[in-house]
Structures are given as C-alpha cells and as structure tokens.
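Biologist: I would like to learn how to read the packing and the ring contacts of a model. Please show me the structure and we can go through it feature by feature.

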Amino acid sequence: MPLVKTLISIEIIVNMKLYKLIKLKLLFNYGIIKAVNRNGGEFMKKIVLAGGCFWGVQEYFSRINGILKTEVGYANGKTYNPTYEQVCNDNTGFAEVCYVEYDERIITLKDVLSKFWAVVNPTSLNRQGNDVGNQYRSGIYYFDEDDIADIQESIKELQKKYEKKIVTEVKPLENYFKAEEYHQDYLKKNPNGYCHINLG
C-alpha cells in the first residue's frame with residue numbers, strides 16, 4: 001500500500017506541474033504575463049499594426065533596431081481562423097496586420113508609431129498604395145490599455161500635418177489569427193515580390 005500511495009502522490013505532483021506549465025504558457029500567449037528583465041521590470045511589449053499589404057509592413061519593421069519579432073496575420077474580424085482568400089473575398093471584416101514585439105528599452109511605442117506613420121497614409125480609407133479594400137485599412141490594435149494615451153497623442157501630433165482627417169482605426173485587439181506560412185517573411189523569401197512600401 002505505501003508504494004501505491006507514493007506512486008499516486010508522484011502522479012498528482014507531475015500532473016500539477018504539467019497543469020501549471022500549460023497555464024503559464026497560455027498566460028504568456030494572451031499577454032497576461034509579459035517578459036521581464038532581471039530587475040523585474042517589463043521590457044517586451046507588443047502591438048498589432050495594419051498598413052495595407054502585410055508583406056511590406058513586416059519586412060519594414062523587421063529591419064528596425066529594437067524590434068524583437070514580427071509576424072503577419074489577420075485581426076479584428078468576424079469569423080474564426082480565416083484563410084487569405086476569405087479575407088480578400090468574403091467580407092470577413094479582418095485587416096491584414098503585422099504583429100510586432102519590441103523592447104521598449106530600445107524603442108518606445110511612440111517611436112514604433114512614428115516609424116509606422118512614415119510608411120502609411122493615415123487619411124486614406126480602406127486603401128494603402130495600390131491595395132484597395134477593407135482588409136487594407138490602416139489600424140492600430142493594442143493589447144494594453146496603458147498604451148491608449150501614447151497612441152492618441154501620436155495621432156493628435158500627426159493630425160497637424162494633414163488637412164484631411166486621420167481615419168486610422170484604433171481598437172483593442174479583439175482577435176488575431178496567424179497568416180499562412182507562405183506569407184511569413186514573404187519578401188525575405190521573395191526579394192523581388194510586390195511591396196507598396198519603399199524599403200530602399
């Protein structure tokens with residue numbers, strides 16, 4: 001009997017550790033826990049940006065110092081896990097976006113947004129360059145409500161440069177689905193591929 005009790009206890013401990021690991025992973029994935037440095041301060045932050053065709057947006061941000069990770073996907077739509085064809089043709093409400101993780105010790109959100117404004121037309125509704133459609137709208141989708149003030153201030157300053165009203169969508173990230181693998185780092189795989197952004 002003692003051996004049986006010992007085995008049961010070991011199994012319970014293992015299962016509890018596994019549960020905690022799974023729970024921890026989920027919390028990281030949903031942004032509830034953020035990466036911390038050795039001093040306990042947060043340094044990894046994230047934002048999702050829509051600026052027309054996501055190929056160029058990803059390539060552009062991947063070249064910026066302080067950007068830790070980029071990934072393209074579909075955000076704030078009405079269906080579950082859409083395909084590229086559905087986003088383009090089926091009025092799903094999704095925007096083509098670039099998910100960006102950055103080290104705020106190196107680059108602040110204001111700096112990230114300044115880089116973003118440099119390659120989008122914030123007064124163009126549902127269009128960037130030759131890309132036309134609701135999926136090509138410009139947008140800023142945030143995880144952290146503490147970022148709202150910086151976003152609003154950035155837009156307020158930017159508006160001074162335009163006579164037309166800025167129409168860039170600003171919303172919390174409601175949903176996000178990673179795009180198909182062939183879209184990831186597309187312009188690194190296809191250097192001569194289409195891009196509406198001047199990367200020179």
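Biologist: Which residues is Phe-61 in contact with, leaving aside its neighbours within four places in sequence?

Modeller: This is a predicted model, and contact here is a matter of heavy atoms within 4.5 Å. Phe-61 is in contact with Leu-49, Ile-67, Thr-70, Val-100, Val-112, Lys-115 and Phe-116, once neighbours within four places in sequence are set aside. Phe-61 also belongs to the largest nonpolar core, which has 25 residues. Together with Ile-47 and Leu-49, Phe-61 is among those with the most contacts inside that core.

Biologist: Which elements give two or more residues to this core?

Modeller: They are strand S1 (44-51), helix H2 (54-62), S3, helix H4 (109-117), S6 and H5. H4 gives the most, with 5 residues. Another core lies apart from this one and has 13 residues, including Cys-53, Val-72, Tyr-74 and Val-87.

Biologist: How should I place these elements in the whole chain?

Modeller: Start with the inventory and then the order. The protein chain has 6 helices and 8 strands, and along the sequence they follow the pattern α-β-α-β-α-β-α-β-β-β-α-β-β-α. Of the 200 residues, 43% count as buried. Among contacts with a separation of 6 or more, 73% are between residues 24 or more positions apart. The accessible surface is about 12,000 Å², and carbon and sulfur atoms account for 53% of that surface.

Biologist: And the aromatic rings: what describes a pair of them?

Modeller: A pair is described by the distance of the ring centres and the angle of the planes. In this model the count comes to 9 aromatic pairs. One of them joins Phe-94 and Phe-177, with 5.8 Å centre to centre and 75 degrees between the planes, which is edge-to-face. The pair links distant parts of the chain, 83 residues apart: Phe-94 is in the loop between helix H3 (84-89) and strand S3 (95-103), and Phe-177 is in strand S8 (residues 176-178).

Biologist: Are Phe-94 and Phe-177 buried or exposed?

Modeller: Phe-94 is buried, because its relative accessible area is 1% and the cut-off for buried is under 20%. Phe-177 counts as buried too, at 14% relative accessibility.

Biologist: Why is the pair of Phe-116 and Trp-117 called tilted?

Modeller: Their planes are at 50 degrees, with ring centres 5.2 Å apart, so the pair is tilted; angles under 30 degrees would count as stacked and over 60 as edge-to-face. Phe-116 is buried, with a relative accessibility of 0%, and Trp-117 is buried at 8%. Elsewhere, Phe-54, Tyr-74 and Tyr-84 form one aromatic cluster.

Biologist: Where is Asp-147, and which residues does Asp-147 touch?

Modeller: Asp-147 is in the loop between strand S6 (138-142) and helix H5 (148-159). Asp-147 is buried, with a relative accessible area of 2%. Not counting residues up to four places away in sequence, Asp-147 touches Lys-45, Lys-46 and Leu-109. Lys-46 is the residue whose charged end sits over the ring of Phe-143.

How values were computed:
Residues are numbered from 1 along each chain as its sequence is written. This is a predicted model: local features need pLDDT of at least 70, side-chain atom pairs count only at pLDDT 80 or more; totals for chains, interfaces and linings use all residues. Side-chain values use heavy atoms; hydrogens and water are left out. Helices (H or I, at least four residues) and strands (E, at least two) are DSSP runs, numbered from the N terminus. Buried means under 20% relative accessible area, exposed over 50%, partly exposed in between (1.4 Å probe, protein chains only). Rings of Phe, Tyr and Trp (its six-membered ring) pair if their centres lie within 6.5 Å; planes under 30 degrees apart count as stacked, over 60 as edge-to-face and the rest as tilted. A charge sits over a ring if NZ of Lys or CZ of Arg is within 6 Å of the ring centre and within 35 degrees of the ring normal. Accessible areas come from the Shrake-Rupley method with a 1.4 Å probe; for residues, only the protein chains shown count as cover. A nonpolar core is a set of buried Ala, Val, Leu, Ile, Met, Phe, Trp, Tyr and Cys residues joined through side-chain atoms within 4.5 Å.
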